[in-house]
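Good morning, and thank you for coming. Please look at the sequence and the structure as I bring them up, and keep them in view while I speak.

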Amino acid sequence: SAEYLDEVTLTVSSDYGYHFSKWSDGNTDNPRTITLTSDTTFTAQFVKNSYTISTNSANPEWGTTAGDTAALYLDEVEISAIPNYGYHFVRWNDYKTSNPRTVSVTEDKIFTATFAKNVYSITKNAEHGSISGNNSAEYLDFVTLTVTPDYGYHFVQWSDGLKDNPRILQITKNNGVGAHFS
């Protein structure tokens, strides 16, 4: 309580995620000093803070991200990780694995996506012999395949017509390889 012509200082503080905007009479001073001339009511008005959501890739050549935006406190925004061919999304820097995912905005935040190489299978078919080498490999790895014919047979060619033995194959997808013997 104050008396006529007393000076009174009004100060407001905001909850997390909000900031003071103005008083009900449009004044934006905080703190604010007034001289009382009558019973007076002042109402403080608050607005939500704006925060920045940023996304990036831990391996930009393996994939990209989307969802960078400015949003208000408690808004929900969608972010996503987009793997390039031969790669897959693993997780975000906060160990969440949903993709795309919705995040609730509570502060400026950076989300970093981690990607990994795909693993592809190598199916081998060699009637009258065998093919040695890995049965799977990561994207862009090189695998050496060697044909060994059974007794009484000799290697003629691979199913795609190549005759190199051993053969080096760069992995870009699931592969089926076959060897022909005579």
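Predicted model: local features only at pLDDT ≥ 70, side-chain atom pairs only at ≥ 80, totals over all residues.

Which residue in β11 is the bridge partner of I53? The bridge partner is K109. Residues are numbered from 1 along each chain as its sequence is written, and side-chain values use heavy atoms, with hydrogens and water left out.

Let me stay with β11. Strands here are DSSP runs (E, at least two residues), numbered from the N terminus, and two strands pair if DSSP finds at least two bridges between them. Strand β5, residues 50-57, is joined to β11 by five bridges, and the two run parallel. Strand β9, residues 87-92, is also joined to β11 by five bridges, but here the two run antiparallel.

A salt bridge is a side-chain nitrogen of Lys or Arg within 4 Å of a carboxyl oxygen of Asp or Glu. How many does a search of the whole structure find? The search finds four. In one of them, the side chains of K117 and D141 meet, at 4.0 Å from N to O. This pair links distant parts of the chain: K117 belongs to strand β11 (residues 109-117), whereas D141 lies in the loop between β14 (136-138) and β15 (142-149), 24 residues apart.

D141 is partly exposed at 27%, and K117 is partly exposed at 22%.

Two further salt bridges involve arginine. R101 pairs with D94, their closest N and O atoms being 2.9 Å apart. R101 is buried, at 11% relative accessibility, while D94 is partly exposed, at 26%. R167 pairs with D160, with 2.5 Å between the closest N and O atoms. R167 is buried, with a relative accessible area of 8%, and D160 is partly exposed, with 46%.

I now turn to a sheet. Three strands form an open sheet in the order β6-β8-β10, with antiparallel pairing. Its edge strands, each pairing on one side only, are β6 (63-66) and β10 (101-104). On average, neighbouring strands of this sheet are turned by 25° against each other, direction ignored; such angles, on a scale from 0 to 180 degrees, are taken between N-to-C directions of lines fitted to C-alpha atoms. Strand β8, residues 76-83, is joined to β6 by four bridges, and G63 stands opposite P83 in β8.

Finally, consider T146 in strand β15. T146 is partly exposed, at 27% relative accessibility. Which residues does T146 contact, leaving aside its neighbours within four places in sequence? They are S130, I131, S132, N165 and P166, where contact means heavy atoms within 4.5 Å. The C-alpha atoms of T146 and G133 are 6.7 Å apart, although 13 residues separate the two along the chain.

Notes:
Buried < 20%, exposed > 50% of the residue type's maximum accessible area, 1.4 Å probe, protein only.
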